[in-house]
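Have the viewer open and follow along.

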Amino acid sequence: MSLRVVSCRGVATVQDMGRPGHASIGVPAGGAADALSLRIANLAVGNAEGAAGLEVCLGAVECRAEAPCTVVVSAGDAAFETRALRVGEAIVVRPAAGRARAYLAVAGGIDVPEVLGSRSTFKAAGFGGLAGRAVRAGDVLPIGKTRGNGRDVPLHVRAMVDFALRRRVLRVVSDGAEAELPRGVLRVSPRGDRVGVRLMRMGGGDAIATGPSRGVLHGTIQAPSAGEFVVLGPDGPTTGGYATIGTVIAADLPAVGQLVPGQWVGFEAVGREEAVALLSAREETLWRWTAS
């Protein structure tokens with residue numbers, strides 16, 4: 001079974017939950033920028049939550065079924081609703097207004113070879129996904145064997161995807177940071193990708209001194225120049241010498257993956273205990289849904 005890519009605008013890549021544990025050799029964790037949306041879409045079609053799907057960023061991809069299959073997209077009027085495609089039927093995947101990314105999950109998952117335990121595309125190194133590159137028109141996405149039954153996605157689970165983004169505030173823990181969080185709002189720059197989301201403060205600001213290179217994570221906020229901040233993405237570096245102002249909590253990382261150029265966003269400091277509690281609450285909601 002397979003899906004054929006009929007057309008592609010923007011950047012689309014195969015992603016799963018990434019390959020954590022390889023930072024020591026310079027390989028970032030990678031994976032879906034909005035992992036929550038992909039997890040929910042996978043569970044809706046009966047996949048394991050970490051199955052590989054298609055991530056579409058700031059564009060649209062049309063895929064045609066070359067065999068009967070069941071799919072779910074994470075955006076649009078029919079978001080997270082399963083759809084059975086017959087041979088020759090097509091589906092378009094595009095982000096909703098005000099969001100950067102949409103996901104396509106297909107029952108059985110996109111069955112490209114694993115590299116370092118993941119099917120995620122890592123374009124900077126040219127491996128994973130489809131030959132380590134973005135998807136193009138004419139590509140064929142192989143589909144794996146269906147393993148489980150799909151499930152309806154209740155409203156309270158769908159609402160989890162939107163909550164953090166609606167607040168337009170990213171919650172940050174400042175453990176180990178060299179500088180304080182900037183006050184006010186920041187504009188999302190068009191100079192962003194899966195490596196990092198760049199945020200600009202109107203009027204600039206004082207430069208923050210750099211330091212020796214050290215480990216950084218998905219969500220670490222660097223300050224490379226006066227009035228400029230970068231929230232590192234899933235394909236971000238594993239080390240860096242720029243000053244840091246904190247790390248976006250895990251519960252809000254999906255919202256970072258949905259920021260679009262021109263949006264305004266702010267930071268809010270929270271403690272480690274609150275960050276853990278927010279993540280635990282989200283995971284319990286998912287667990288209760290899948291266990292019901």
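## A buried glutamine and its partner

In this predicted model, the backbone nitrogen of Arg 101 sits 2.8 Å from a polar atom in the side chain of Gln 258. Where does Gln 258 sit? You'll find Gln 258 in the loop between helix 3 (253–257) and strand 16. Gln 258 counts as buried because its relative accessible area is 5%.

## Strand 9 and its two neighbours

Strand 16 shows up again in the pairing. Strand 9 (residues 185–188) runs antiparallel to strand 16 (residues 264–269), with three bridges between them. Strand 9 also pairs with strand 10 (residues 196–200), again in the antiparallel sense, over two bridges. Arg 187 is a handy landmark here: Trp 264 in strand 16 stands opposite Arg 187, and so does Met 200 in strand 10.

## The cores

Now for the nonpolar side of things. The largest nonpolar core has 26 residues. Those with the most contacts inside this core are Leu 3, Leu 54, Cys 63, Cys 69, Leu 104, Ile 110 and Leu 141. Two or more residues each come from strand 1 (2–15), strand 2 (53–65), strand 3 (69–73), strand 5 (90–93) and strand 6 (101–106). Strand 2 is the top contributor, giving five residues. Apart from this core lies another one, of 19 residues, including Leu 170, Val 197, Ile 245 and Ala 255.

Cys 63 is worth a click. Leaving out residues up to four places away in sequence, Cys 63 touches Leu 3, Arg 4, Val 5, Val 6, Leu 54, Glu 89, Ala 90, Ile 91, Leu 104 and Leu 141.

## Cysteines without a bond

How many disulfides are there? The count is zero. Take Cys 8 and Cys 63: the closest cysteine sulfur to that of Cys 8 is the one in Cys 63, 8.5 Å away, so the two are too far apart for a bond. Looking from the other end, the sulfur of Cys 63 has that of Cys 8 as its closest cysteine sulfur, also at 8.5 Å. For a disulfide, the sulfurs would have to be within 2.5 Å.

Is Cys 8 buried, exposed or partly exposed? Cys 8 is partly exposed, whereas Cys 63 is buried. Here are the accessibility values mentioned in this report, side by side:

| Residue | Relative accessible area | Class |
|---|---|---|
| Cys 8 | 25% | partly exposed |
| Cys 63 | 0% | buried |
| Gln 258 | 5% | buried |

Key
Residues are numbered from 1 along each chain as its sequence is written. This is a predicted model: local features need pLDDT of at least 70, side-chain atom pairs count only at pLDDT 80 or more; totals for chains, interfaces and linings use all residues. Side-chain values use heavy atoms; hydrogens and water are left out. Buried means under 20% relative accessible area, exposed over 50%, partly exposed in between (1.4 Å probe, protein chains only). A nonpolar core is a set of buried Ala, Val, Leu, Ile, Met, Phe, Trp, Tyr and Cys residues joined through side-chain atoms within 4.5 Å. Helices (H or I, at least four residues) and strands (E, at least two) are DSSP runs, numbered from the N terminus. Contact means heavy atoms within 4.5 Å. Two strands pair if DSSP finds at least two bridges between them. A polar contact is a pair of N or O atoms within 3.5 Å; within protein, one must be able to donate a hydrogen and the other to accept it, and residues adjacent in sequence count only if both atoms are side-chain atoms.
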